[in-house]
Amino acid sequence: MAAVAGVTNPAGPPGATGPDGAAGPPVRVLIVDDDALVRAGLSMILGGLPDLTVVGEAADGGEVPAAVAAYAPDVVLMDIRMPRVDGLTATEALRARPHPPEVLVLTTFDADEQVLRALRAGAAGFLLKDTPPAEIVRAVRRVAAGEATLSPTVTRTLIAHVTAAAPGPVGPDPRRERALRLLTGLSERERQVAVALGRGHTNAEIAGELFMSVATVKAYVSRLLTRLDLNNRVQVALLVHDAGLV
């Protein structure tokens with residue numbers, strides 16, 4: 001494979017099978033961070049597992065398009081703060097492409113406005129840079145399986161941060177109008193589930209409140225994501241907040 005300028009491929013060619021010979025290709029991970037030590041640490045954490053493979057590294061958000069084209073990752077671990085093109089800009093551009101990889105944002109803050117913007121753009125979640133290795137591995141696996149990586153507790157923290165940081169707008173608010181328009185098209189039951197997500201409730205809590213099974217709640221959440229054209233339950237929660245329903 002031809003080298004991509006500024007991008008390294010420490011794990012060999014993409015598509016390598018896991019060392020245990022398990023069927024199915026491993027999850028392909030691209031690491032984007034301007035700190036070489038961070039990249040090396042993440043490569044060590046992820047590279048020795050049979051179901052994960054680090055297919056490439058990039059040192060700046062500007063290198064992401066070429067790296068994604070070259071290595072076809074399933075998951076991108078994306079630092080937010082980089083000197084030239086930051087991870088936020090890179091995430092927004094990446095998620096706007098057809099069939100993009102999932103993005104996990106890397107940050108040193110757990111309630112940063114930039115994290116919220118990345119989640120609105122479609123990032124599947126975020127990881128603090130001091131997250132224990134086992135949790136990083138679990139997060140990558142969950143994202144690759146199509147699950148968001150934010151717990152209800154973290155969702156509540158983020159929503160509280162938005163509420164505290166964003167004073168009510170003066171005059172028309174396009175974001176609120178859009179959120180209300182989208183939510184108006186839901187059934188009453190779908191709307192109830194969406195509001196519960198906006199409050200940061202777990203599937204079990206929603207099931208208890210609305211007198212339905214956990215499996216039914218999961219079905220409603222999946223339906224909401226499809227109908228609202230969103231990626232994960234955190235985006236539903238943010239939409240509900242934008243509409244002023246929580």
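Visitor: Which hand does the crossing of α10 and α11 have?
Guide: α10 passes α11 in a left-handed crossing, meaning that the near helix is turned anticlockwise from the far one by less than a right angle. Helices here are DSSP runs of H or I with at least four residues, strands are runs of E with at least two, and both are numbered from the N terminus. This is a predicted model, in which local features need pLDDT of at least 70 and side-chain atom pairs count only at pLDDT 80 or more, while totals for chains, interfaces and linings use all residues. Residues are numbered from 1 along each chain as its sequence is written, and side-chain values use heavy atoms, with hydrogens and water left out.

Visitor: And at what angle do the axes of α10 and α11 cross?
Guide: The axes of α10 (residues 214-228) and α11 (residues 233-242) come within 10 Å and cross at roughly 70°, the axes being lines fitted to C-alpha atoms over the stretch in contact and the angles running from 0 to 180 degrees between N-to-C directions. The two helices are therefore roughly perpendicular to each other, a label given to angles from 65 to 115 degrees.

Visitor: Which residues of α10 and α11 meet?
Guide: Val221, Leu225 and Leu228 in α10 meet Arg233, Val236 and Leu239 in α11, where contact means heavy atoms within 4.5 Å. By class, this contact has five nonpolar residues, no polar ones and one charged, with Ala, Val, Leu, Ile, Met, Phe, Trp, Tyr, Cys and Pro counted as nonpolar, Asp, Glu, Lys and Arg as charged, and the others, Gly among them, as polar.

Visitor: What about α7 and α11, how far apart are their axes?
Guide: The axes of α7 (residues 174-184) and α11 are 8 Å apart, and the helices pack at an angle of about 115°. The crossing of α7 and α11 is also left-handed. On the α7 side Arg175, Arg176, Arg178, Ala179, Leu182 and Leu183 take part, meeting Leu239, Val240 and Asp242 in α11. The contact of α7 with α11 comprises five nonpolar, no polar and four charged residues.

Visitor: Changing topic, where is Asp229, and is it buried or exposed?
Guide: Asp229 is in the loop between α10 and α11, and it counts as exposed because its relative accessible area is 68%, where exposed means over 50%, buried under 20% and partly exposed in between, using a 1.4 Å probe and protein chains only.

Visitor: What is its phi?
Guide: Asp229 has a positive phi of about 55°, although it is not a glycine. Most residues other than glycine have a negative phi.

Definitions and conventions: Parallel < 35°, antiparallel > 145°, perpendicular 65-115°, else oblique.
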